[in-house]
Amino acid sequence: MFKSVILAEALRDALDAVVSLSDEVKFTISPDGIKLKAVDPANIAMVFLDLPSTAFEYYKADACELGIDLVRLGDALSMADKGENVTIELDAETHKLKVGVGSLSYTVALIDPTAIRKEPRIPEIDLPTSATLTGAQLRKAIKAAEKVSDHVILGVDDTIFFMEAKGDIDSLKLQIPANELLALRSGESRSLFSLDYLVDMVKAAGKADEVVLELGLDYPIKMRFQINKNVSIIYLMAPRIEQED
Amino acid sequence: MFKSVILAEALRDALDAVVSLSDEVKFTISPDGIKLKAVDPANIAMVFLDLPSTAFEYYKADACELGIDLVRLGDALSMADKGENVTIELDAETHKLKVGVGSLSYTVALIDPTAIRKEPRIPEIDLPTSATLTGAQLRKAIKAAEKVSDHVILGVDDTIFFMEAKGDIDSLKLQIPANELLALRSGESRSLFSLDYLVDMVKAAGKADEVVLELGLDYPIKMRFQINKNVSIIYLMAPRIEQED
Amino acid sequence: MFKSVILAEALRDALDAVVSLSDEVKFTISPDGIKLKAVDPANIAMVFLDLPSTAFEYYKADACELGIDLVRLGDALSMADKGENVTIELDAETHKLKVGVGSLSYTVALIDPTAIRKEPRIPEIDLPTSATLTGAQLRKAIKAAEKVSDHVILGVDDTIFFMEAKGDIDSLKLQIPANELLALRSGESRSLFSLDYLVDMVKAAGKADEVVLELGLDYPIKMRFQINKNVSIIYLMAPRIEQED
């Protein structure tokens, strides 16, 4: 069995962080909460979402796996007004998901979990540096970079977190010293990333009070943050190869 | 003669309720106010609009019929700011409509009333049940249904007003018991309607404090409401044939 | 050398008034401020922008000329939040413009000033009448005219400022007597103008407390206003030939 009540926008924010990478996902449900992992079709970025039972107003579940189309579930959630709760439960008979919003009851068909793209394993990577920014700072930087280029360099240079974007004609630099960051693990790192993916990631991360970026040298980036207090999101994204000028 | 002053947005709201069905209409003007009837080209839905003289700040008119292009009149009305009155009068010499908004004076050519699609007769239909909702409740339900399907079942089941929409995969149910409605004439009714039309209708109805839906069994729906206190709008729409699953 | 600090939105408003006519312009920089002139490719309208040093939070410059792509500079300015200052300085070494917004530093390549379309000379014209309106009044009138036609007559008839727009079917008149204007130099004037250009001009002028329109008989219009207190903008636009009906 699975029955839960949650603030609609909290769940929507959490799922929005996943849907840009993959819209058919497997919810791994346990008595402690819901976890899901997804990877994009190009295998460039992964997301790990942890919705603990404490993120819900009400939560009661046995262990099970549900294949869910996030676009359909998102449509159901969008029927809720601001501040309104939704009830989500598994109808054991029909094996469909019932989403209740006020007097409305929405029935969402499930997907066979075995038909869903295999979940990624979390690769073990060791990233030597990290910088902690506010979500708003990060979003602003990424939006600025987007105007100049379609990829961006992120890194740490001793005690400074930096970003560089080079367009054909114009270029953009961001430098934030340790004392203007929320935290910094100093060192040397520098990697090139696709802005396409980062733009989607900072949509969710922009709402977080703090976002931890872990960075290496031509190595993946790990972006960690919490939204709506109890929802944890981790993104992992492969670097692109930096061309010599 | 015809001369009137009215709050621009009150007239705009009223005409917006008509324009989705027909943009060339005949205003039947009398000393008591303006009435108009329109039917859409497919003969599926009709609207009856009653703008009594009390809906105006100033109103003085002899009986006459004016053929009016609602899009042109709407353009003139859109020049008014929020809370601003418009003066609408017939220029007897040029036989054109003069719309005054502040220092602006807009001249709208009239259409020959005989060139306008014939007005519908109000069919006499007897609808056994009715449910009275707030405009906001109705709009929310119709918007939810639109995400699932392009048609919707509306009806009354004893003391419950219900709505059902079935998509290829997902489905939506709404059930509002009598005690959560503003009023209910209980009984049995159930008819299928096109959401295309309902979506346009609830744009106007969504602003009403209360909307009366009169329903029968595979029979037309009658939707009645008032906006801006004195403006009455009645929609009548034919049902669609419900297919067996 | 050239270094300045200015409220981002003040500079953006000023440059927006120019970019619709020309996006590659020459900044004529002096110790007293920045001036620029531009004419549109069709030679119909000219703009003269005067950004005195008092419009800046900080300003220090030697005389020089910089060729600037307003779209690129506008992109850099759009990175600033509401109320945020930008630092704009010439990097003497690379001969590029550096635009700093908080921790972000944007590098904009300059254009060779000799490659920029020659600046217009200010023609000496003597306009017999003028009317001074609020920016909001003017914008509202031009927006109304746009719904009826693609050109508009502006003029003064003795002590009344008037506007006329004629569509194929509908027409619009505006008449503002001297006592409802901020100022009027009475007389007789009447000229026809393209609304395409006026619509762009009133985007900037709409923000001004007062806009002076100088008008003649089948003669150019001069539109003068100040925005953000110290920024002066003058538009000059050729009339179109009025056809007999």
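The notes below go topic by topic.

This is a predicted model: local features need pLDDT of at least 70, side-chain atom pairs count only at pLDDT 80 or more, and totals for chains, interfaces and linings use all residues. Residues are numbered from 1 along each chain as its sequence is written, while chains are lettered from A and ligands numbered from 1 in the order in which they are written.

**Chain A against chain B**

- Here 10 residues of chain A are in contact with 11 residues of chain B. Contact means that C-beta atoms, placed from the backbone, lie within 7 Å.
- On chain A, α2 (70–77) and β9 (104–109) are the elements that give two or more residues to this side. Helices (H or I, at least four residues) and strands (E, at least two) are DSSP runs, numbered from the N terminus.
- β9(A) provides the largest share, 6 residues.
- By class, this side of chain A has 5 nonpolar, 3 polar and 2 charged residues. Ala, Val, Leu, Ile, Met, Phe, Trp, Tyr, Cys and Pro count as nonpolar; Asp, Glu, Lys and Arg are charged; the others, Gly among them, are polar.
- β9(A) pairs with β13 (171–177) of chain B in the antiparallel sense, over 4 bridges. Pairing requires that DSSP finds at least two bridges between two strands.
- Within that pairing, S105(A) has K173(B) as its bridge partner.

**Chain C against chain B**

- 11 residues of chain C touch 10 residues of chain B.
- α3 (135–146) and β13 (171–177) of chain C each supply at least two residues of the chain C side.
- β13(C) gives the largest share of that side, 6 residues.
- The chain C side has 6 nonpolar, 2 polar and 3 charged residues.
- β9 (104–109) of chain B runs antiparallel to β13(C), joined by 4 bridges. S105(B) has K173(C) as its bridge partner.

- An open sheet of 9 strands has the order β5(B)-β1(B)-β7(B)-β8(B)-β9(B)-β13(C)-β12(C)-β11(C)-β15(C), with antiparallel pairing.
- Its edge strands are β5 (58–61) of chain B and β15 (187–194) of chain C, each pairing on one side only.
- From one strand to the next, the twist averages 15 degrees. Axes are lines fitted to C-alpha atoms, for helices over the stretch in contact, and angles run from 0 to 180 degrees between N-to-C directions.
- β1 (2–7) of chain B and β5(B) run antiparallel, joined by 4 bridges. F2(B) stands opposite A61(B) there.
- Helix α1 (8–19) of chain B lies across β1, β7 and β8 of chain B, at about 100 degrees to β1(B).
- Helix α4 (195–205) of chain C lies across β11 and β15 of chain C, at about 100 degrees to β15(C).

**Domains of chain A**

- Chain A is assigned domain 1 (2–114) and domain 2 (129–237). The bounds come from an automatic or database domain assignment.
- Their centres, taken over C-alpha atoms, are separated by 28 Å.
- The contact takes 17 residues from domain 1 and 16 residues from domain 2.
- On the domain 1 side, β4(A) gives the most, with 8 residues.
- The domain 1 side has 12 nonpolar, 2 polar and 3 charged residues.

Notes: Contact = placed C-beta atoms within 7 Å.
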